[in-house]
Amino acid sequence: MDRFLIERTLRDLRVGLHSSRVIAATALRRATQGPKHPTWSYQFEVVHEVIRAVVALGFSGMSLELRRAMPIRALSARVRQVLDFQAGTIAGLPMEQHTPRAWQQGDLVWLHLHGGAYSMCSPATHRSLAVRLALRTGARVILPEYRKAPEHPFPAAIDDVLASYRALLSYGVAPAQIVVGGDSAGGGLALALAQRLRALALPQPRALVLLSPWVDLTATGGTIEAHGPFDYLSGEMLAWGAANYLAGADPRDPLVSPVFADLSGLPPMLVQSGGSEILLGQNVALVERARAAGVQVHHEISEGMVHVFHVYTGFPASRAAFESLARFVRSPSPNRASTST
């Protein structure tokens, strides 16, 4: 048994034991003190507190290699009946593609840029999210494996997603068919891509869909501290990811922190944020800046929810978010009135 396999086995044992303790402690605290957040059900609070504890455990004593070896969910037989899964390459990059069986040429193509603090995760770790995007929207969902920091810092990831978008155009996919989505750091990449397209006079996609986007690497914004007790994401994690990705670059560079960018000329946006996530403040600042630049933007804030709450499968807020983003991208034109909910 090699060293990495031993480390991963020990990690899984630690996680299992730690999770059992957290479940017991959460149940006791809720019984004696009530819910941690007034909107949280018992089931949500238990699931969330386990995730929060496991994420914190991962950042307290795991190597980057081990952090990158996140659990990967295999596609079920039921999913394979309705989706065609392919692993391949796009622009020379590894990628995974999920296509609804009913999809036809000319239907939507969703280029999704996964999160992971620019240092972790992969198309494989985001399969569950990709499957739900494909099933809800009817789009072919493509996830490129862009290069990761710290081995490949800024702007390597942006170069890769630009190459992926250009590849779609070269395949004959019309810009009006393309939705560029991103969660967390992937949301920042989506906005960086749109800026690059504008600078190169290339056509913009139909829309941007940003799920809890990380758009300010200066780590400013009052909700980082105020929402720290609720979110599984922490300021320490943001600082770690920013240091890896920046490698000495200016954190106020508009391609790094789009909250400081000139956003004029960008496509319509849907931004979905958790009302109790630490990035809420910078998401609000992004939306305000986009509206001031004349961008059509729809911002949805789900009360009590945390960072990329979309992954909390089966809970009402997650279902509602997917239903809303499906309506947004499938409307005849995503140029809606600029509102906030």
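## Salt bridges

Lysine 36 and glutamate 49 are joined through their side chains in a salt bridge, 3.4 Å from N to O (a side-chain nitrogen of Lys or Arg within 4 Å of a carboxyl oxygen of Asp or Glu). The structure is a predicted model, in which local features need pLDDT of at least 70 and side-chain atom pairs count only at pLDDT 80 or more, while totals for chains, interfaces and linings use all residues. Residues are numbered from 1 along each chain as its sequence is written, and side-chain values use heavy atoms, with hydrogens and water left out.

Because lysine 36 lies in the loop between α1 and α2 and glutamate 49 in helix α2, the pair ties together parts 13 residues apart in sequence; helices (H or I, at least four residues) and strands (E, at least two) are DSSP runs, numbered from the N terminus. Lysine 36 is partly exposed, at 26% relative accessible area, whereas glutamate 49 is buried, at 7%; buried means under 20%, exposed over 50% and partly exposed in between, with a 1.4 Å probe and protein chains only. Both residues belong to a network of salt bridges that also includes Arg29, Arg30 and Glu45.

## Helix α5

Eight of the eleven residues of helix α5 (residues 127-137) are buried, so the helix is largely enclosed by the rest of the structure. Among the buried residues are Arg127, Leu129 and Val131. The side chain of arginine 127 forms a salt bridge with that of glutamate 96, at 2.8 Å from N to O. This pair links helix α5 to strand β2 (residues 93-100), across 31 residues, and arginine 127 and glutamate 96 are both buried. Glycine 138, which follows α5, has a positive phi near 80 degrees.

## Aromatic pairs

Tryptophan 40 and phenylalanine 230 form an edge-to-face pair, with 6.0 Å between centres and 85 degrees between planes. Rings of Phe, Tyr and Trp (its six-membered ring) pair if their centres lie within 6.5 Å; planes under 30 degrees apart count as stacked, over 60 as edge-to-face and the rest as tilted. The two residues are 190 residues apart. Tryptophan 40 is buried at 2% relative accessibility, as is phenylalanine 230 at 19%.

## Nonpolar cores

A nonpolar core is a set of buried Ala, Val, Leu, Ile, Met, Phe, Trp, Tyr and Cys residues joined through side-chain atoms within 4.5 Å. The largest has 72 residues, of which Leu189, Trp214, Tyr245 and Met269 touch the most other members. Helix α7 (residues 185-199) gives the largest share, eight residues. Another core, of 22 residues, lies apart and includes Trp110 and Val131.
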